[in-house]
Amino acid sequence: MKRMLSGIKPTGSLTLGNYIGALRHFVEYQDEYEVIAFIANLHCITVYQEPKELRKNLKDAVALYLAAGLDPQKATIFLQTDVPEHAQLGYILACYTYLGELNRMTQFKDKMAKGEQNLTAGLYSYPCLMAADILLYDPDYVPVGDDQKQHVELTRDIAARFNNKYSPTFKLPEPLSAKVGARIMSLSDPSRKMSKSDPSNNGCIYLLDDPAVAKNKIMRAVTDSYGEIRADKEKQPGLYNLLEIAASLSDTTPEALALEFSGKGYGELKKYVAEVVCSSLNSLQERYREILANNVIEDVLKEGAEKAHRIAYKKLATVSRKVGLEIR
Ligand code: AQP
């Protein structure tokens, strides 16, 4: 069975972008692949997190993984820090990563360009930790939204470099990106990705938003003045984003949906998108509440960490031996 690995960093409450671009795919793939899905808590602290909030976000993220349909009997679900090999291999791989490569990573460059202050060394070197997250498990595929493709490419480069220097050690993973929904945009500024840290609260739908609030955000989404419903990403990015959101959640395409709504008003389309989104949020939130009430999260994480650790410690031991870190 092919293996697939992915993680989400809950720097805030998970978003509809996380769900459409990543989470729903983990669930779709779990029957066909061996899915390893972790919560990237170490990546969260590359930017300051209020500890109490972080703890809540981590727990919520696990509950949302389960609520979305990830089955701990099929998938391995764990917290990154419960498997210390991630940090250990992350350090080793940083020693095989060039500064020039990290300088080219667009996520860091974007934050620099925005003039964000006090960017940390952890944030700069996080692609090395991400490479370790992946390479520890030799996955065949890594499902990611568009913004993370570059990091998977870097992971492949680091793996190939290590394999060439020593001997074949790591499998080179393939990034997997869906045709629809790989980059959901902000509702208030369709030129920016929908992000947890979106400064405008109206641009982002959180999976735990009250559905009435989510509906409001959709009804106020920025569109354009063409007055015609077409699936034109370049000319009508706001409208296309709405079509893409609804299409992803209802297994159709933005083009098919645009045809269905051609000749109708933007308000009608927004109402439909809100219905589709709210129906997904309602069922997700209902399961989320059940999961919290059943108190299963700690057991799921414990079992997941044990399974992950059984794979990770072997890989780290191999790497340490090859590099010459051990004296036996
Ligand atoms: N808007 C999005 N559209 C499609 N996919 C997305 N993903 C995130 N946002 C979107 C995908 O979700 C997975 C986990 O991402 P993450 O939350 O760990 O990191 P991120 O992409 O940096 O998310 P944010 O919300 O933008 O974080 P902040 O605001 O903290 O910087 C990935 O596969 C990602 O592609």
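Helix packing

Guide: The crossing of α4 and α8 is right-handed. The model is a predicted one.

Visitor: At what angle do helix α4 and helix α8 pack, and which class does that give?
Guide: Helix α4 covers residues 85-94 and helix α8 covers residues 126-135. Their axes are 8 Å apart, at an angle of about 120 degrees. Roughly perpendicular ends at 115 and roughly antiparallel starts over 145. The angle therefore makes α4 to α8 oblique.

Visitor: How many residues in the contact of α4 with α8 are nonpolar?
Guide: From α4 come His86, Ala87, Leu89, Gly90, Leu93 and Ala94. They meet Cys128, Leu129, Ala131, Ala132, Asp133 and Leu135 in α8. By class, two are polar and one is charged. The nonpolar count is nine.

Visitor: Is His86 buried or exposed?
Guide: His86 belongs to helix α4. Its contacts beyond four places in sequence are Phe78, Gln80, Leu129, Ala132, Asp133, Leu136 and Tyr137. The cut-off for buried is under 20% relative accessible area. His86 has 0% relative accessibility, so it counts as buried.

Visitor: What is the handedness of the crossing of α1 and α11?
Guide: The α1 side of the contact is Leu16, Tyr19, Ile20 and Arg24. The α11 side is Ile245, Ser248 and Leu249. By class, the contact has five nonpolar, one polar and one charged residues. The crossing is left-handed.

Strands

Visitor: Which residue in β2 stands opposite Met4?
Guide: Met4 sits in strand β1, residues 3-8. Six bridges join β1 to β2, and the two run parallel. The residue opposite Met4 is Val35.

Visitor: Is Met4 buried or exposed?
Guide: Beyond four places in sequence, Met4 touches residues including Tyr29, Tyr33, Pro139, Tyr141 and Leu176. Its relative accessibility is 2%, against a cut-off of 20%. Met4 therefore counts as buried.

Visitor: How many bridges join strand β2 to β3?
Guide: Strand β2 runs over residues 34-39. Five of its six residues are buried. Ala37 stands opposite Ile77 in β3. The two strands run parallel, and the bridge count is four.

Visitor: Which residues of strand β3 point the other way from Thr76 and Phe78?
Guide: In a regular strand the side chains alternate between the two faces of the sheet. Strand β3 covers residues 76-79, and all are buried. Thr76 and Phe78 point one way. The other way point Ile77 and Leu79.

Separations

Visitor: How is Glu286 classed by relative accessible area?
Guide: Glu286 has its place in helix α13, residues 266-294. Its relative accessible area is 47%. Buried would need under 20% and exposed over 50%. Glu286 is therefore partly exposed.

Visitor: What separates the C-alpha atoms of Glu286 and Arg156?
Guide: Along the chain, Glu286 and Arg156 are 130 residues apart.

Visitor: What separates the C-alpha atoms of Met4 and Ile297?
Guide: Met4 and Ile297 are 293 residues apart along the chain. Their C-alpha separation is 22 Å.

Technical notes. Residues numbered from 1 in each chain as written. Predicted model: local features only at pLDDT ≥ 70, side-chain atom pairs only at ≥ 80, totals over all residues. Heavy atoms only, no water. Left-handed = near helix turned anticlockwise from the far one by under 90°. Contact = heavy atoms within 4.5 Å. Nonpolar A, V, L, I, M, F, W, Y, C, P; charged D, E, K, R; others polar. Buried < 20%, exposed > 50% of the residue type's maximum accessible area, 1.4 Å probe, protein only. Pairing = 2+ DSSP bridges. Axes fitted to C-alpha atoms, helices over the stretch in contact; angles between N-to-C directions. Parallel < 35°, antiparallel > 145°, perpendicular 65-115°, else oblique.
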